[in-house]
Amino acid sequence: MSLYVTELRRLFKRRLTRVMLVLLVLGLAGIATAFAFSSQKLSPSVVAEAQAQSDANYQQALRDWEKSVADCDAAKARGEQTDEKYGPECGREWQPQPEMFDPKWHMPYQFDFRAEFGIFVAVFAGAVALFAFLVGASSVGAEWSSGGMMNLLLWRPKRLTVLGTKLAAVLTTLLGVSVVLGALWTLAFWLIGTYRGTTAKVTAGVWQSAGLSGLRAVGLILAFGAVAFALASLGRHTAMALGVAVGLGVVSEIGLRIAIEIAGVRFGERYVLSTYAMAWFEKQKKLIDYRSCDFVQGQCNPKEMLVTWQDSAVVFGVGTAVVLAAAFWMMRRRDIT
């Protein structure tokens with residue numbers, strides 16, 4: 001039996017992998033189910049009711065405005081000062097208009113597949129990326145801490161081959177899970193849009209954009225799994241990967257933001273990892289420097305900076321490559337005892 005097949009079986013037989021996979025499926029199913037109940041298809045009767053409510057609100061506002069103008073005219077006729085209360089024109093310039101009362105305000109929420117599915121691709125990627133990180137870290141971390149890695153190297157003394165095969169098994173598993181669950185996730189929200197929302201204007205271009213978003217999601221998931229695998233291998237323990245993740249999150253999202261704000265760094269968010277994660281899914285992230293505004297003169301023409309998904313690819317790609325290279329280098333150099 002090949003080492004690769006053995007590692008795949010070992011990975012799927014691990015309790016943590018199976019438990020996390022079940023929790024992931026239940027979590028995604030729960031999100032989709034809850035969202036399906038929150039959306040309601042806008043039938044002609046619902047639209048008509050919302051329009052009637054909007055018209056009634058407009059008529060009421062018009063009556064209130066007419067009464068206010070009449071009261072102002074009467075007060076002026078009595079010689080009272082009305083400018084402060086009603087304005088110089090008795091509020092005639094504030095006459096309500098029908099377009100001010102949008103029927104959409106009285107309609108229930110309806111899921112729009114074309115406009116909103118991209119958000120749920122990011123939600124899916126975040127959930128599966130967490131799964132990938134835990135599975136990737138524990139797959140090799142447990143081998144080191146239990147002594148299984150040392151026993152395996154007695155049978156297969158080629159260190160880099162062993163570590164590379166384990167990594168390949170993890171990434172293959174994550175790819176398979178991402179593709180299968182991603183297809184089910186897409187189908188679930190397509191059904192929600194069909195029966196509880198709308199799938200209007202979903203063209204081939206929309207599907208192409210969703211597909212590209214899905215590819216970026218898979219790329220992020222694999223990167224999370226690879227980085228977690230490498231960190232756990234470097235530290236010979238699953239906790240190493242978890243500790244680095246927590247520490248990096250605290251430093252990047254809290255400490256670094258505070259330091260940037262105190263130092264007054266222009267476009268400081270470009271040094272924060274979450275900026276690149278958002279740009280990765282939204283294709284670009286616009287950073288605005290409000291310090292360039294001249295509030296003394298009452299003008300605000302802030303400078304802008306774009307962080308694109310290509311920038312994110314470079315940051316995440318280089319980071320992943322560096323950590324993996326360090327893990328393989330250490331595997332080759334370290335004393336296996």
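**The disulfide**

Mentor: The torsion about the S-S bond of Cys72 and Cys90 is about -65°, so this disulfide (a pair of cysteine sulfur atoms within 2.5 Å) is left-handed. The two ends lie in distant parts of the chain, 18 residues apart, with Cys72 in helix α3 (residues 44-77) and Cys90 in the loop between α4 (83-86) and β1 (111-112); helices (H or I, at least four residues) and strands (E, at least two) are DSSP runs numbered from the N terminus.

Trainee: What is the S to S distance between Cys72 and Cys90?
Mentor: The S to S distance is 1.9 Å, and by this rule the count comes to one disulfide.

Trainee: Before I go on, what sort of model is this?
Mentor: This is a predicted model, in which local features need pLDDT of at least 70 and side-chain atom pairs count only at pLDDT 80 or more, while totals for chains, interfaces and linings use all residues. Residues are numbered from 1 along each chain as its sequence is written, and side-chain values use heavy atoms, with hydrogens and water left out.

Trainee: Back to the cysteines: are Cys72 and Cys90 buried or exposed?
Mentor: Both Cys72 and Cys90 are buried, where buried means under 20% relative accessible area, exposed over 50%, and partly exposed in between (1.4 Å probe, protein chains only).
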